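I'd like to walk you through one structure, piece by piece, so please keep it open while I talk.

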Amino acid sequence: MIWPAVDAIKQQISLLDYLQTQNWQPARRISRGRLMGLCPLHLDHKPSFLVDPLKNLFYCYGCGHGGDLIRFVELYHQVSFGEAMALLRRSRCGSLLSDVARFYQIQLHRHPEAAAYLEQRGIHQPQVIEEFAMGYAPGRCLRHWLITLGYSLGELQQAGLVNAAGLDSFSHRIVFPLEANLYGRAIGNAAPHRFLPGGKGGLYGWERVNHYSEVILVEGLFDLVVLWQAGFRNATCALGSHLNAHQLRQLGDGVPRTLYLAFDSDENGSGQQAAQRLSRRLRQQGITALRVQLPDGHDPNSFFVGGGDGQQFQQLLERALP
Ligand SMILES: [Zn+2]
């Protein structure tokens, strides 16, 4: 288990990047892209430290030390292998949430129950899974994986990734990385929606859509994903029907645009009521907001899963009400 973790770290952080964060500068370039500079490991007066950025290896002709990134960190900070791994993990180059997301992404393809769930939600294009960096929490191995990467159990518990018993708190969920959080959708009978502590953040992918003159706002990520799959790139998601202050500020950025609220048309009417309240509120801020009327009992996801296509959805947009 340790070797994949070492490889993962070396893939994420190149030796040269790490050296540069420690203010190392090459004095000259030699053949095959290799660099020479002063050795950070001994008192060096003429450049004797060779770095091969392609192989991610170093060698010093002065003190005779050489090796890979982790060996360098061991020598430079005079720490053990495990401590070097932990130091690297906490360096600015990596982050806990992206490690977790990567772990889940790998698991998605290994667990047929995850693929079956995605199929059931109408997601069948591999590039969509990639685009949204979707993953799956199988409920095993997460803690072990992260500890081999150098995180402590305390850190993982503090982040809410594992519970008091040390188990993955996103267990049996499809997981989407958000800007500074994770969203998990249960594929079984557990509580359907889960976030890490700390709030859902802004509108999903807002900086990718805010330049469109028409933007579609949906409640859930599975709504967003099927719209994306059907070719609608101008959609964003509020992760619920209630917008937080940050999300409202994003919509009120003063850029003229038409906002289509494609909220759930559920039986109790809560999605449509939320859309109505929101459109009223946005109108007061001078934002044009139209409510998309989905067939009864549908949300955008079930609309597409039930056979609706992009053209039909486009017609719903055209018939949207103020
Ligand atoms: Zn040296």
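Predicted model: local features only at pLDDT ≥ 70, side-chain atom pairs only at ≥ 80, totals over all residues.

The protein chain has 322 residues, and 48% of them count as buried. In terms of secondary structure, we have 15 helices and 13 strands. If you draw a box around the C-alpha atoms along the principal axes, you get roughly 75 × 45 × 30 Å. And here's a number about how the chain folds back on itself: take the contacts between residues at least 6 apart in sequence, and 56% of them join residues at least 24 apart.

Now, the metal. Which residues are the protein donors of the zinc ion? They are Cys-39, Cys-60 and Cys-63, each through SG, plus His-42 through ND1. Those atoms lie 2.0 to 2.3 Å from the zinc ion. If you like writing patterns down, the spacing of the donor residues in sequence is C-x2-H-x17-C-x2-C. Cys-39 is in the loop between β2 (35–37) and β3 (49–52), while Cys-60 is in strand β4 (residues 57–60), so this pair ties together parts that are 21 residues apart in sequence.

Why do we call the arrangement tetrahedral? Because the angles subtended by the four donor atoms around the zinc ion are 100 to 122°, and the rule asks for all angles to lie between 85 and 135 degrees. Cys-39 has 6% relative accessibility, so it counts as buried. Cys-60 comes out at 0%, so that one counts as buried too.

Let's take the antiparallel one. It is an open sheet of four strands, in the order β6-β7-β8-β9. The edges are β6 (135–137) and β9 (193–195); each has a single partner strand, so one side of each is left without a neighbour in the sheet. On average, neighbouring strands here are turned by 30° against each other, ignoring direction. Zooming in, β6 pairs with strand β7 (residues 173–177) in the antiparallel sense, over three bridges. Within that pairing, Tyr-136 stands opposite Ile-174 in β7.

What packs on this sheet? One answer is α5, which touches β6, β7 and β8 (182–186), with its direction at about 90° to that of β6. Another is α11, which touches β7 and β8 and makes about 70° with the direction of β7.

Look at the numbering while remembering a general point: an α-helix has 3.6 residues a turn, so residues three or four places apart point the same way.

Also have a look at Pro-177, which is in strand β7. Leaving out neighbours within four places in sequence, Pro-177 is in contact with Ala-101, Phe-132, Ala-133, Leu-182 and Tyr-204.

Now the parallel sheet. Again it's four strands in an open sheet, and the order is β11-β10-β12-β13. The edge strands, each pairing on one side only, are β11 (235–237) and β13 (288–291). Is β10 covered or open? Mostly covered, with four of its five residues buried.

For some pairs to click on: Leu-217 has Leu-261 in β12 as its bridge partner, Ile-216 stands opposite Tyr-260 in β12, and Val-218 stands opposite Cys-237 in β11.

Finally, the helices here. α11 (residues 221–229) is back again, lying across β10 and β11 and running at about 165° to β11. Helix α13 (residues 270–284) packs on the sheet as well, touching β10, β12 and β13, and its direction makes about 165° with that of β13.

Notes
Residues numbered from 1 in each chain as written. Heavy atoms only, no water. Donors = N, O, S within 2.8 Å, 3.2 Å for Na, K, Ca; no water. Tetrahedral: all angles 85-135°; square planar, octahedral: opposite > 155°, others 65-115°. Helix = DSSP H or I, 4+ residues; strand = E, 2+ residues; numbered from the N terminus. Buried < 20%, exposed > 50% of the residue type's maximum accessible area, 1.4 Å probe, protein only. Pairing = 2+ DSSP bridges. Contact = heavy atoms within 4.5 Å. Axes fitted to C-alpha atoms, helices over the stretch in contact; angles between N-to-C directions.
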